Amino acid sequence: MKHIKVLMFGWEFPPHNSGGLGTACYGLARSLSKADVSITFVLPKRLDGLDHNFLKIVFANIRNVKMRGVKTLIHPYITADLYDEYLRTAPDSELYGLNLFDEVRRYGLQARIIAREETYDVIHAHDWLSFRAGIEAKRVSGRPLIVHVHATEFDRTGGHPNQYIYDEERRGLFAADCIIAVSQHTKNVITEHYGIPDDRVVVVHNGIDIEDHHRPLPPALEHIRAAGKKIVLFVGRITIQKGPDYFIKTAKRVLEFDPNVLFVVSGSGDMERQIIRMAADLGLADKVIFAGFVRGEELQKLYRAADLFVMPSVSEPFGLTALESLANGTPILVSKQSGVSEVLTHALKSDFWDIDDMTDKIVGTLRSSGLRETLGELGARDVLHLTWESAAGKCTQIYNDLLRA
Amino acid sequence: MASICFYFQVHQPYRIKKYRIFDVGHDHEYFNDRSERDLNNEKILHKVAKKCYLPTNKLLLELLEKHPEFKIAFSFSGVFLDQLDEFSPETLKSFQKLVKTGRVEILDETYYHSLAFLYSKDEFVRQVELHRKKVKELFGVVPKVFRHTELVYNNELAKFVEDMGYKAILAEGADHILGWRSPNFVYRAPNVTKIKTLLKNYRLSDDIAFRFSSRDWAEWPLTSEKFARWVDAVNGNGNLVNLFMDYETFGEHQWEDTGIFDFMRALPRELLKHPDNDFVTPSEAAKRYPVVGEFDAHNFVSWADVERDLSAWLSNSMQKEAITNLYALEGEVLATKDARLIEDWRKLQTSDHFYYMCTKWFADGDVHKYFNPYDTPYEAFIAYNNVLQDLRLRIAGTKKKKGGLPALSEARRAGVNVPPKKTVKKVTFAKKKKVPKKQVAAKKKK
């Protein structure tokens, strides 16, 4: 196999990320760069330039990766309203697009300039905000384009897509020479809702860097555990996609059987206020704790403090947090409507809407140390084979196939 | 001389339905699934009776009539006989007809196909006695040979069963105990004086039970002529070929279209072609052949999985927790003298429940998954654990009837909660409020 040069349009890296996309881009890029692949990584540069400096540090000792920043206000979980808010407060606001969609177009044009300056064999773009950039790069270079779908508009909106975003995604999917989906679940969405033929979509499951989760850390929430309380954890953006409302409804039901449980919600998002109000209205003010957005070691400590991690996502392309929980030894209950449920054996699984089934499983788990141990131990073993090396290997194979064609 | 000893295990558990936390305290019927799922005991019994029991019984009767030398043995679990009684009396009759020929021996086992020997010797004895009684009642015979659940066996069991008066006991001819020695002789445990141990020839048994229809097997297709030649080869270096297997091999594990019935139909004739071959039942084998050596099983062996140990039922923490919790209730359950409650507790001892919780091979989609009516071992455990919660509540309920207030604290200890909407709960709450905690404690002291 020859050395391959990739022009990659990606997103924020941890710890400055706001969700799984950043973790995935980072994990994949890191493993690719260790293989015989060199990457020119194009990513949005935020106002203060902090991110860019950080990235230089992240990749300082890894050859094969070159960073190109583009000044823009977009980030992976942006919405039209959020963009308008950013624009109002941005220092050089005249630089950016009039609205989100104008900005996406502008980002694409910026990408074209970079695409002309760089040399590469393939183009690899992550999620819809970068699809236009990928298409522009393909146009100026004639190189094959791979679009990597980490989430679709159908997942994000619980089945009520914004027409503009849907069109953008569809345009990217049709322009691509190969589509990578992070799960069979996502592949199904792509073929059913976007009219893409089955054979054009390849599934490459995400991975996890286990070592990152095996570091010794001081325990968290000790006073709560010492009081004999059990902890059930939700980690994710508080948006319709992640099913936080189902989590709260299930909490209410579980407490009818076991009042000695604390529910911890870690994350932020557009439904935050609604969910806090919902918890209060159901009389759960002292039973549900909103921990806000937690990352890094603090998040790992939360996973370890919990007795069970619950991911009731309405539609979850993958669900990296579930792997993180298992890597930290905590058993999981995930919705059947998730990508991770395809790759995990030792996990509890429910339909996201089936509050009774989730209640039965949560109460069952909290009451039995034997069940928690078995799920925790075997689940932790389950994630060992889900590595970024394996994902990077599959991507390299795709690059090679495209270049031979 | 090579004597062929056929023993067939016939067992069906009472599978627990999808019993959820919401059912605890309301629904005491644990085994009455009526869905299309494989938890519906009646449905499964009818299916297996049609595919296996009835046609195989018919075939064996034909063979017994045709070959006066032909003999076989069965061991029926009590819960299987109960299900025949409940769902398929016709099948029971056809088994009785076989036994009436006088050339079909019945073995004893625990009524509930349990692992009670490992947790309560008293309960073990009670279940064996129940089984003897049932066999006598239905078939008019008293077994002389014992076979333990899933051929779980060790020296201690051999001794224990000898003291109960049995002449022989069956075990797996496990390589790690036999070493270079052959299973085709009669052995004895080192700590017994009389009882003989009959060892399963697992190669020849599994050729029929597991490999018969496997096209990856070099010997496929297996004909009765070929199999008879393998048995013939034992002459001169063995006395006895013990072919022990699940009865469901015929028609259920190996479907009719694999040719298993035709194979069996021709087998006695093929085996009898060799002048030195004959058929024996386990008790005849024990009587006829002398002990040639010691079979020393310090640890438990069984006929399950490649490990031939207890790991199919007792390897992960959930299995251990479930079975420990079950036997911890023994004293309280028996003290209730409530026949239905005691029977339910016993039905929960059936080893299959723990097998369904096995995580050993779960990922590979092999035999464990094939025989598991639950989607996952975790769901099997959760339903089981919920049932135990309900059982504790019922125990507390009977105490309440007898002794009044202490039952409340029992219920609380059982950790059972019932949604407030239901009237049952209200009654409990109302009583609880009337009696402050201190008073309850005071009454308890008295």
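A salt bridge is counted wherever a side-chain nitrogen of Lys or Arg lies within 4 Å of a carboxyl oxygen of Asp or Glu. With that rule, the structure, which is a predicted model, holds 54 salt bridges over all chains.

**Stop one: a pair in chain A.** Select K187(A) and D198(A), whose closest N and O atoms are 3.8 Å apart in a salt bridge. K187(A) lies in helix α8 (residues 184-194) of chain A, while D198(A) lies in the loop between α8 and β7 (201-203), so the pair ties together parts that are eleven residues apart in sequence. K187(A) has a relative accessible area of 11%, and it counts as buried because the limit for that word is under 20%.

**Stop two: two pairs in chain B.** Now select R132(B) and D108(B), whose side chains meet in a salt bridge with 3.3 Å from N to O. Here R132(B) sits in helix α5 (residues 121-139) and D108(B) in the loop between β3 (104-106) and α4 (116-119) of chain B, so the pair ties together parts 24 residues apart in sequence. Is each partner buried or partly exposed? R132(B), at 30% relative accessibility, is partly exposed, whereas D108(B), at 0%, is buried.

Next, select D175(B) and R203(B), which form a salt bridge of 3.4 Å, N to O. This pair links distant parts of the chain, with D175(B) in helix α7 (residues 175-178) and R203(B) in helix α8 (residues 202-209) of chain B, 28 residues apart. D175(B) is partly exposed at 34% relative accessibility, and R203(B) is partly exposed at 49%.

**Stop three: where the chains meet.** Show both chains and select the contact between them, to which chain A gives 23 residues and chain B gives 22 residues. Between them the two chains bury about 2,000 Å², with 59% of it on carbon and sulfur atoms.

One to select is the salt bridge of K18(B) with D357(A), in which the closest N and O atoms are 3.6 Å apart. On the side of chain A that touches chain B, the helices α10 (244-257), α15 (355-367) and α16 each supply at least two residues.

D382(A) is buried yet has no salt bridge, and the nearest side chain of opposite charge, that of K349(A), is 7.2 Å away. What lies beside D382(A) instead? A polar atom of the D382(A) side chain lies 2.8 Å from the backbone nitrogen of H346(A), and, leaving aside residues up to four places away in sequence, D382(A) touches L344(A), T345(A) and H346(A).

**Last stop: a buried residue in a loop.** Finally, select E12(A), which has its place in the loop between β1 (4-9) and α1 (20-34) of chain A. E12(A) counts as buried because its relative accessibility is 7%.

Note on methods:
Residues are numbered from 1 along each chain as its sequence is written. Chains are lettered from A and ligands numbered from 1 in the order in which they are written. This is a predicted model: local features need pLDDT of at least 70, side-chain atom pairs count only at pLDDT 80 or more; totals for chains, interfaces and linings use all residues. Side-chain values use heavy atoms; hydrogens and water are left out. Buried means under 20% relative accessible area, exposed over 50%, partly exposed in between (1.4 Å probe, protein chains only). Lys and Arg count as positive and Asp and Glu as negative; His and the chain ends are not counted. A polar contact is a pair of N or O atoms within 3.5 Å; within protein, one must be able to donate a hydrogen and the other to accept it, and residues adjacent in sequence count only if both atoms are side-chain atoms. Contact means heavy atoms within 4.5 Å. Buried area is the accessible area (1.4 Å probe) that two parts lose on being put together, summed over both. Helices (H or I, at least four residues) and strands (E, at least two) are DSSP runs, numbered from the N terminus.
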